[in-house]
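Colleague: I would like to go through this model term by term. Please set each value against its cut-off.

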Amino acid sequence: MSLPPLSRRAVVGGLAAAPFGLRAARAAEGPIRIGELNSYGRMAAFAGPYRNAMLLAQDAINQAGGIKALGGRPIEMVFRDDGSTPGDAVRVAEELLTRENVAFLCGTFLSNVGLAVADFANQRKVMFLATEPLTDALTMGGGNRYTFRVRPSTYMQTKMLVEAVKGRGVKRWAIVAPNYEYGQSAAANFKRLMGAAVPGFEVVGEQYPALGKIDAGATVGALAQTRADGLFNVLFAADLTAFVREGNTRGLFEKRTVASLLTGEPEYMIPLGDETPEGWITTGYPWETIATPGHREFVAAYRARFSDTPRLGSLLGYVVVHMIRDLLETAKSTDTEALIAALEGLTSETIAGKVTMRALDHQSTLGAWIGETALDGRKGTMRNVRYADGADYLFPEAEVRAARKA
């Protein structure tokens, strides 16, 4: 799959030297620039398809007349790599604002990076639409009035899985999760939610390998020694592939219930191929079976343009840009305060269904697909799939108020 280069846009000398009033007038006539920073290098399996779909949506909107409430101005996504570290991401965010004159920021992948950019947005009083980072802190204790999140949080997705496994009678569980904000948050949510849902629930073992550095043999061996009846897995990307391969070899998953975040997403299932374990209860994106309005047209357009099938990142990127269109049409301005007022409570009709941005905590109601992993020939897929509406899995309002007040 070929991707457009990420080179920095050259600043036009005459414009840079023009008086402020002239620069502002020209900006008002030109495209609405949105700064998108993400882990394009480190997390390319997700971020490449995500960026592709953003460009697909951007072009469709511009070809349809741009942002009509702002005189038909086109939108322009300005893409930058966030370096996958908080420090690099904050530097890139600053450059997007000061050098690229973007109206607001969106993106990020890793939870610790998303939190750093959220804090930056709060300090600079600029809107930040966090698209992928899943940590609960982003909209709870670490939330602020300038930051919004699109994807369902770790709490929401873990609650979906707990709902799916709580009736299976499994009480003894082990946990494996990457040792950073996202993994720790998911594990904490699983303990909390399962403890409330299953009498006698207990965690008999936990493994937290460093992100991207799993020792699969040691991790699988330690989990096997726990003799747990259930396994909660939060690994993804290369860590997941190594873990599954070693776990299959040693029979770790046999006669065990496995609940797994993200494994059903094509980004992570495609590399597993015929090693995909069957029967894991997981969140994912079974794109070939989804029949919501516009989704099949999206798939056809994506395949025609990029000669590839969509990933979960593709769906997210396409949804985000259309949410941005609706935001700008509603706000009728790129002023930060107008954008915030418009986005709080805004509902968008998307290819994943209706999505509302809850005003209370700035968490969207985008949901996820829940099902079981299965093999279709030599590739992994999902069966027994249902869509879990994010509106049914949000944090209780009283808990949000208490966390954000604190």
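**Values against definitions**

Modeller: Start with N384, which is exposed at a relative accessible area of 60%. The cut-offs are under 20% for buried, over 50% for exposed and partly exposed in between, with a 1.4 Å probe and protein chains only. This is a predicted model, where local features need pLDDT of at least 70, side-chain atom pairs count only at pLDDT 80 or more, and totals for chains, interfaces and linings use all residues. Residues are numbered from 1 along each chain as its sequence is written, and side-chain values use heavy atoms, without hydrogens and water.

Colleague: What makes the phi of N384 worth a remark?

Modeller: Phi is positive, about 50 degrees, and N384 is not a glycine. Most residues other than glycine have a negative phi. N384 sits in strand 14. Strands are DSSP runs of E, at least two residues; helices are runs of H or I, at least four; both are numbered from the N terminus.

Colleague: Is L262 buried or exposed?

Modeller: L262 is buried, because its relative accessible area is 4% and the cut-off is under 20%. L262 belongs to strand 9, residues 257–264. Its phi is positive too, near 75 degrees.

Colleague: Why is T365 called buried?

Modeller: Its relative accessibility is 9%, so T365 counts as buried. T365 lies in the loop between strand 12 (353–356) and strand 13 (368–376). Leaving aside neighbours within four places in sequence, T365 is in contact (heavy atoms within 4.5 Å) with K354, V355, T356, D389, G390, A391 and L394.

Colleague: How do you know that helix 6 is largely enclosed?

Modeller: Nine of its 12 residues are buried, so the rest of the structure largely encloses helix 6. Among them are Y155, M156, L161 and V165. Helix 6 covers residues 154–165 and reaches 16 Å from first C-alpha to last, close to the expected 16 Å. That expected span is 1.5 Å times one less than the number of residues.

Colleague: What makes a space a cavity and not a pocket?

Modeller: On a 1 Å grid over the protein atoms alone, a cavity is a set of points where a 1.4 Å probe fits but cannot get out. A pocket is an open set with protein on both sides within 12 Å along at least five of seven lines. Lining residues have an atom within 4 Å of a point.

Colleague: How many cavities of 30 Å³ or more are there?

Modeller: Two. Closest to its centre, of the 13 lining residues, are R151, L312, G367, A368 and W369. Helix 12 gives the most to this lining, three residues. The second largest cavity is about 70 Å³, and L262 is one of its lining residues.

Colleague: Which element gives the largest share of the lining of the second largest pocket?

Modeller: Strand 14, with four residues. That pocket has a volume of about 240 Å³. I270, W287, E288, K379 and G380 are the closest to its centre, of 14 lining residues.

Colleague: What is the mean pLDDT of the chain?

Modeller: The mean is 93, on the predictor's confidence scale from 0 to 100. Of the residues, 93% reach 70 or more. Residues 1–27 have pLDDT below 50. Where pLDDT is low, the predicted coordinates should not be read in detail.

Technical notes
Grid points are joined across faces, edges and corners, and a volume is the space filled by probe spheres set on the points.
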